[in-house]
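Hi,

Here is the structure I promised to pass on to you. Have a look at it first, and then read my notes below.

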Amino acid sequence: MENSLFSAYSNVTSLEHRKKFGQFFTPKAIAKFMIDWLLIDRSDSCLDPAFGLGVFAEELDASNYNFASFKTYELDSHIFDFSKNYFGEKITIHNKDYLLNWDNPKFDSIICNPPYMKFQNFQSKEEVIEVFEENLGIRLSGYTNTASAFLLKSIEELKDGGKLAYIMPFEFMNAGYGQIVKEFLLEQGTINALIKIDCEKDTFSEVVTSVGIIFFTKQNKSTHDIPFYVITSLSQLTKLDDLTPIRSVSRNDIKPKDKWAKHFELNQITINSKWLCQLNYYGSFSRGIATGANEYFSANQTKAKKFKLPEGALIPCITKSNQLKTSIFSSEKLEKLILSDATIYLVNLEENSDCPAIKSYIKLGEEREVHKRYLTKMRSPWYKLEKRKPAELLFGVFSRDGYKVVRNFTNSINLTCYHGFNTNMFGAKYLDLLFFYFLSGAGKKILTINMRKYGDGLDKFEPNDLNNSFVPSSGWFDSLKEVDIAYEYSQIRKNGKISEKLNCVFDSLLH
Ligand SMILES: C[S@@+](CC[C@H](N)C(=O)[O-])C[C@H]1O[C@@H](n2cnc3c(N)ncnc32)[C@H](O)[C@@H]1O
């Protein structure tokens, strides 16, 4: 029924009109979840201040709740006519602006998905600011949005002990104008749940902000912890008691001026941003060489001998992630790999194409149709390879349990299993310190901000994730007391880690 009403309405209403009134409709599953929480004690008076197509009225009806009174508002006459036709005498909808009507009695419960629009675009903004100041003693910021104004007014209109279930754009959690909203929530009662809907793109596909649900009870001097939840699928919305909060924050540790959105993060890190800058200040990462046919373009000693590939055509190259087992790749380690017959060369065919052995190797490639592969067929000649300088730092593309970073002291280049970093003229003198930072506990935590999460614990970086990642600023590095570079390298060789002392120094980048 809900869907057919919605389709009938959208057929006769432009998206522009819907946006003008902030008309985004609540999915049934969310409406039911909100009602189930709200009506545990069967209230006797209820308010829906932004009626729309009446999804809450519909769900209340379906749940057989009878109210002594059910008050509703709807500003837009177009949708009002539509819903009036549909609900008939069953429900009285007031075709009025909720924000300008202050003659309300108090309610036992309030349920709402308020219109979301920036206050700047709201026609009666000046009037609303005035009545809010008169009635609530709150001066709304011009940057606030209608949803926040709705929430403030509804909290005011709750009876003591009354309950409120609201859908909210959660940007107020971090925005400056949100401070007043957070202050009001904290002062006026208990926040029973803040639930971030992480599947919002499907849920509220036209809303470009993160959306969530607030459950709130009006009461004096609440000391309850505030639980933060995240749901990734609407099917998780059965009962609030069935959900586990990501974190509960003690009432004493949460302030209106804090940014609250971080409490929805699982691996919460707070960084001291005044000492950080982006890595691209020092240089950049690029992806390794994509050959299009690794087994053909790479070689070990046995293969080089078999095809009589001249030594000059063999470029040391890391071809597989597991060839680097530790954080330092030295010439000795490269030598060992060569001697153990690891596939540690890339064959430079292009610059040696006059050599008879290389000529026949190219012919062999054509016989095996390597030149018809996706990447090779786009190149001219097909065996031309991308050019890369040996990277100073290498980063594993995929990782489990933290990333792999390697300082490359050899002239080896690398295939796509690693991204390679080279410093620019500003970064050269900070290279060792950057490497130590990447190995530090603080660096590992800060870099996870940019990591992409795949299923099953697999993490991935793209070169630009790394280039945009936060690293200490040159000012911070310059302020460090002398770091004993040689000693730190000896520690890394011995233990795979920087010294505990330096690790603690990096910790100051976290709050
Ligand atoms: C986000 S929609 C929600 C509709 C419905 N309650 C639901 O959950 O599907 C908000 C509704 O509030 C209406 N509205 C916008 N400004 C309003 C105002 N100042 N007073 C009352 N209703 C308003 C819009 O026209 C829209 O129908």
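Let me start with Pro-115, which counts as buried because its relative accessibility is 11%, under the 20% cut-off. Please keep in mind that this is a predicted model. You will find Pro-115 in the loop that runs between β4 (107-112) and α6 (125-136). Leaving aside residues up to four places away in sequence, Pro-115 touches Phe-21, Gly-22, Ala-50, Thr-146, Ala-147 and Phe-150.

Phe-426 sits in the loop between β20 (418-423) and α14, and it counts as partly exposed because its relative accessibility is 47%, which falls between the 20% and 50% limits. Together with Tyr-281 and Met-425, Phe-426 makes a nonpolar surface patch of about 370 Å².

Finally, have a look at helix α19, which covers residues 500-507. Its buried residues include Leu-502, Asn-503 and Phe-506. Viewed down the axis of α19, the buried residues fall within an arc of 105°, so they line one face of the helix. Glu-500 and Lys-501, on the other side of α19, are exposed. What do the buried residues of α19 pack against? Their partners are α14 (431-439), α15 (441-447), β23 (470-472), α17 (474-479) and α18 (485-495).

Best wishes

Definitions and conventions:
Residues numbered from 1 in each chain as written. Predicted model: local features only at pLDDT ≥ 70, side-chain atom pairs only at ≥ 80, totals over all residues. Heavy atoms only, no water. Buried < 20%, exposed > 50% of the residue type's maximum accessible area, 1.4 Å probe, protein only. Helix = DSSP H or I, 4+ residues; strand = E, 2+ residues; numbered from the N terminus. Arc of directions from axis to C-beta. Contact = heavy atoms within 4.5 Å. Patch = residues over 30% accessible without salt bridge, like charges linked within 9 Å, V, L, I, M, F, W, Y side chains within 5 Å. Areas by Shrake-Rupley, 256 points an atom, 1.4 Å probe, with all protein chains shown as cover. Salt bridge = Lys/Arg side-chain N within 4 Å of Asp/Glu carboxyl O.
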